[in-house]
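Here is a short briefing on one protein structure. Look over the sequence and the model, then work through the points by topic.

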Amino acid sequence: MLSERIRPANAEANWWRRIPYIRAVIVFGALRLATLLIVALANVFTHHGLINDLSIWDGAWFLQAVHHGWPAQLPMVSGHVAGNPIAFYPLLPLVLRALSWLTGTSAAVISLIVSGLTGLSAVIAVGVLTNEFAGAQKADRAALLFALTPGGFVFNLIYAEGLLITFVAFGLWALLRRKWLVAGLLGALATATSPVGLAFVVSCVVVAIVQLRREREWRVLFAPVLAPPGFATWMAYLWIHTGNLMAWRLTERGGWNSYPSLVYPFHIMAKFISNPISPTMTGQILFFGMLIGVIGLVITYREHQPVALLSYTTSAVVLFLISAPVGLRPRFIMLAFPLAIGAATRWSGWRYRAVVSLSTLILVLMTYETLTSFAVFP
């Protein structure tokens, strides 16, 4: 009788243990809070304003899309398209605009809250996905490593990464669970959030091909059919809105000098090897990011991850490798998150702790560099 009375009280007192991947959640929250406190303290001397300090890089463009929408005419500077919000996919700005209107809170404040919360949901999604094929212990390690990934500094800024990873990770989980309709709908949201969502479309196509060959399960086609419309709808809207079918591509090329190049990874490699000391910090980040991405991809294959994850990761890594001048910098390595899952499932003990420690150190350095300098774009 006594034990029966005590159990409910214990359960009530330990409610926090029911939070999924509690270690990763606590670490993620502590990092976000620490960054906010440090920036707030710095503002005592700089007087820039906390919101202004965190509404930088892509965040400024997202806020412009929230407040003013997307231009009906492509702005031109010196004969090429200037940087403008057309480069940024619509789902996050539309969500932020709706939440700002519903709550009466400024879009910038809402944006920072959403970025942090979606980063947290991404951490949990990575754990849930890993648990599906690798078990609870490895899922816990994967969630913690992802919470400390060097690209995670963007969760303190206004970026769409948390939203995208949440959609893709749960989409991959849906593919593993054979929930084809759910996977397709999450894919549509992902492709309306970022062009990286197209890597998930590749995953849906590959899984559909495998499944049709094995079992002739035609319902699997829900996934590859429903996933691309987010991207297609955005391209169609820009065509109608601006009168230019290539509005997004021209904005990327003119505003950010961004273009696909098969020789770009070889250019990065040759430049670094010819003189390892001469490259800028960006050059060094891209070179070592490329090494980490390729090594990580090898590890994911050696870990025999499900074909859904392998096809997504491979597509994402190749996409970033040939995207000049983006490359495999920490933020984009994070988007290929099965790389972190591969490291967490392969290593334990001191090897895992070493990877976590190194990842944490790089995260701190990237956060400092991003918030204090414009020398390296994130």
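Y21 sits in the loop between α1 (2-13) and α2 (22-46); helices (H or I, at least four residues) and strands (E, at least two) are DSSP runs, numbered from the N terminus. The model is predicted: local features need pLDDT of at least 70, side-chain atom pairs count only at pLDDT 80 or more, and totals for chains, interfaces and linings use all residues. Residues are numbered from 1 along each chain as its sequence is written, and side-chain values use heavy atoms, with hydrogens and water left out.

**Loop residues**

- Y21 is not a glycine, yet its phi is positive, at about 55 degrees.
- Y21 is buried, at a relative accessible area of 15%. Buried means under 20% relative accessible area, exposed over 50%, and partly exposed in between (1.4 Å probe, protein chains only).
- H304 also has a positive phi of about 55 degrees and is not a glycine. Its place is the loop between α15 and α16 (307-321).
- H304 is exposed, with a relative accessible area of 68%.
- T149 belongs to the loop between α7 (136-147) and α8 (161-176). T149 counts as buried, at 8% relative accessibility.
- Neighbours within four places in sequence aside, T149 is in contact with M334, S359 and L363. Contact means heavy atoms within 4.5 Å.
- A324 and P325 are joined by a cis peptide bond, with omega about -5 degrees. P325 lies in the loop between β4 (323-324) and α17 (330-335).

**Nonpolar cores**

- The largest nonpolar core has 100 residues. A nonpolar core is a set of buried Ala, Val, Leu, Ile, Met, Phe, Trp, Tyr and Cys residues joined through side-chain atoms within 4.5 Å.
- In that core, F146, L172, L175, Y312 and F337 touch the most other members.
- L175 contacts W180, A183, F200, S203, C204, V207, A223 and A308, leaving aside its neighbours within four places in sequence.
- A second, separate core has 11 residues, including A65, W70, W234 and M235.

**Helix α15 with helix α18**

- Two packed helices are described by the angle between their axes and the distance between the axes.
- α15 (residues 281-302) and α18 (residues 338-346) pack at about 60 degrees, with axes 8 Å apart. Axes are lines fitted to C-alpha atoms, for helices over the stretch in contact, and angles run from 0 to 180 degrees between N-to-C directions.
- That angle makes α15 oblique to α18. Angles under 35 degrees count as roughly parallel, over 145 as roughly antiparallel, 65 to 115 as roughly perpendicular and the rest as oblique.
- From α15, the contact uses G293, G296, L297, I299, T300 and R302. From α18, it uses P338, L339, G342, A343 and R346.
- By class, this contact of α15 with α18 has five nonpolar, four polar and two charged residues. Ala, Val, Leu, Ile, Met, Phe, Trp, Tyr, Cys and Pro count as nonpolar, Asp, Glu, Lys and Arg as charged, and the others, Gly among them, as polar.

**Helix α14 with helix α15**

- α14 (residues 264-274) packs with α15 at about 115 degrees, and the axes are 9 Å apart.
- That makes α14 roughly perpendicular to α15.
- On the α14 side, Y264, P265, I268, M269, F272 and I273 take part. They meet G283, Q284, L286, F287, F288 and M290 in α15.
- The contact of α14 with α15 has 10 nonpolar, two polar and no charged residues.
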